Amino acid sequence: MTNVRILWVDDEIELLKPHLLFLQNKGYEVETSNNGYDAVEMVQQKPFDLIILDEMMPGMTGLETLPRIKEHAPTPPVVMVTKSEEENIMDKAVGSKIADYLIKPVNPNQVLLSIKKNVHQQQLVSEKSTADYRSDFGKISVALSGARTFGEWTDIYRRLVQWDIELSESNDSSVREILSYQFKEANDLYARFVRDNYLGWFDDNDPERPVLSHTLLRQKLFPVVDKSKKTTFLLIDNFRYDQWLMI
């Protein structure tokens, strides 16, 4: 989480020295400006990963500086710092597409939290997802060895698909490989389960059998039609669960 460049704009920037030292000790590169005019010039000269902008400044206010900064640097998140809790000020700030706002006096931990939320969010989510899957890996393995019904297999598949989606942005190739192996193990075991139970699913007396093509209308559509005057039936063939979740 290093090599992050921050621009802090405040007309009382000399009073924020402890905050600046705190962030620098955390590995952040912090540059400062005490007015909006210099801040606009600075974003034209070099890129910043995040901009902290004081709302009340003489000359050009933070709300006036913000659109000029966005003209030259539209992508870096902007955190607005204000002394006022008036709703109209916050509405203007949010309407100007700020990423976050802090109420003065701010403490260094508040600033750090805002930076983590707006700069490192994707990385933090990825790291947490990876740790959570490693923790859940053993539980899924136990479920695989003990699955005896179609409902249990459905639950396992849903868990694996959820992890596949959550880990899609992970930079940890090892955990993606582990998930791939677990998917393969699940597919192999489920194929055996289908082979051993398929013929039994044609028995109308089996309460745990899955919905099959010849029972779909009777189980899912006809009960709805019997209760409704108008029914729209949409059938999408070969639609995977992960595709449904993404939609």
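# Briefing: pockets, a helix pair and selected residues

Asparagine 238 sits in the loop that runs between helix 9 and helix 10. The model described here is predicted. Asparagine 238 has a positive phi of about 55 degrees, although it is not a glycine. With a relative accessible area of 68%, asparagine 238 is exposed, because exposed means over 50%.

**Largest pocket**

- The largest pocket holds about 1300 Å³ of space.
- Its lining consists of 26 residues, and Phe150, Tyr157, Val211, Phe239 and Tyr241 are the closest to the pocket centre.
- At least two lining residues come from each of helix 7 (150-166), helix 8 (173-197), helix 9 (216-227) and helix 10 (241-246).
- Helix 7 gives the largest share of this lining, with seven residues.
- Sorted by class, the lining has 19 nonpolar, three polar and four charged residues.

- Aspartate 242 belongs to helix 10.
- The relative accessibility of aspartate 242 is 15%, so this residue counts as buried, the limit being under 20%.
- Leaving aside neighbours within four places in sequence, aspartate 242 is in contact with Val161 and Ile165.
- Arginine 148 lies in the loop between helix 6 (121-146) and helix 7.
- Arginine 148 counts as exposed, at 58% relative accessibility.
- The C-alpha atoms of arginine 148 and phenylalanine 193 are 7.9 Å apart in space, while the two residues are 45 residues apart in sequence.

**Second largest pocket**

- The volume of the second largest pocket is about 160 Å³.
- Trp8, Asp10, Glu12, Leu15, Leu16, His19, Val81, Lys83, Lys104, Pro105 and Val106 line this pocket.
- The lining of the second largest pocket divides into six nonpolar, one polar and four charged residues.
- Lys104 and Pro105, both in that lining, are joined by a cis peptide bond with omega of about -5 degrees.
- Proline 105 is located in the loop between strand 5 (100-103) and helix 5 (108-119).

**Histidine 19**

- Histidine 19, one of the residues lining the second largest pocket, is part of helix 1.
- Histidine 19 has a relative accessible area of 13% and is buried.
- Not counting residues up to four places away in sequence, histidine 19 touches Trp8, Val106, Asn107 and Pro108; among them, Trp8 and Val106 also line the second largest pocket.
- Histidine 19 and asparagine 109 are 90 residues apart along the chain, and their C-alpha atoms are separated by 9.0 Å.

**Isoleucine 13**

- Isoleucine 13 is in the loop between strand 1 (5-9) and helix 1 (17-25).
- Isoleucine 13 counts as buried, at 12% relative accessibility.
- Once neighbours within four places in sequence are set aside, the contacts of isoleucine 13 are Trp8, Leu20, Thr32, Ser33 and Asn34.
- One of these contacts, asparagine 34, lies 21 residues from isoleucine 13 along the chain, with a C-alpha separation of 6.0 Å.
- Trp8 is in contact with isoleucine 13, is touched by histidine 19 and lines the second largest pocket.

**Serine 114**

- Serine 114 is a residue of helix 5.
- Serine 114 is buried, with a relative accessible area of 3%.
- Val79 and Asp100 are touched by serine 114, not counting residues up to four places away in sequence.

**Packing of helix 2 and helix 3**

- Helix 2 (residues 36-45) packs with helix 3 (residues 62-72) at an angle of about 10 degrees, and the axes are 9 Å apart.
- Helix 2 is therefore roughly parallel to helix 3, a term that applies to angles under 35 degrees.
- Helix 2 makes the contact through Gly36, Tyr37, Ala39, Val40, Val43 and Gln44, and helix 3 through Thr65, Arg68, Ile69 and His72.
- By class, the contact of helix 2 with helix 3 has five nonpolar, four polar and one charged residues.

Conventions: Residues are numbered from 1 along each chain as its sequence is written. This is a predicted model: local features need pLDDT of at least 70, side-chain atom pairs count only at pLDDT 80 or more; totals for chains, interfaces and linings use all residues. Side-chain values use heavy atoms; hydrogens and water are left out. Axes are lines fitted to C-alpha atoms, for helices over the stretch in contact, and angles run from 0 to 180 degrees between N-to-C directions. Helices (H or I, at least four residues) and strands (E, at least two) are DSSP runs, numbered from the N terminus. Angles under 35 degrees count as roughly parallel, over 145 as roughly antiparallel, 65 to 115 as roughly perpendicular and the rest as oblique. Contact means heavy atoms within 4.5 Å. Ala, Val, Leu, Ile, Met, Phe, Trp, Tyr, Cys and Pro count as nonpolar, Asp, Glu, Lys and Arg as charged, and the others, Gly among them, as polar. On a 1 Å grid over the protein atoms alone, a cavity is a set of points where a 1.4 Å probe fits but cannot get out, and a pocket is an open set with protein on both sides within 12 Å along at least five of seven lines; lining residues have an atom within 4 Å of a point. Grid points are joined across faces, edges and corners, and a volume is the space filled by probe spheres set on the points. Buried means under 20% relative accessible area, exposed over 50%, partly exposed in between (1.4 Å probe, protein chains only).
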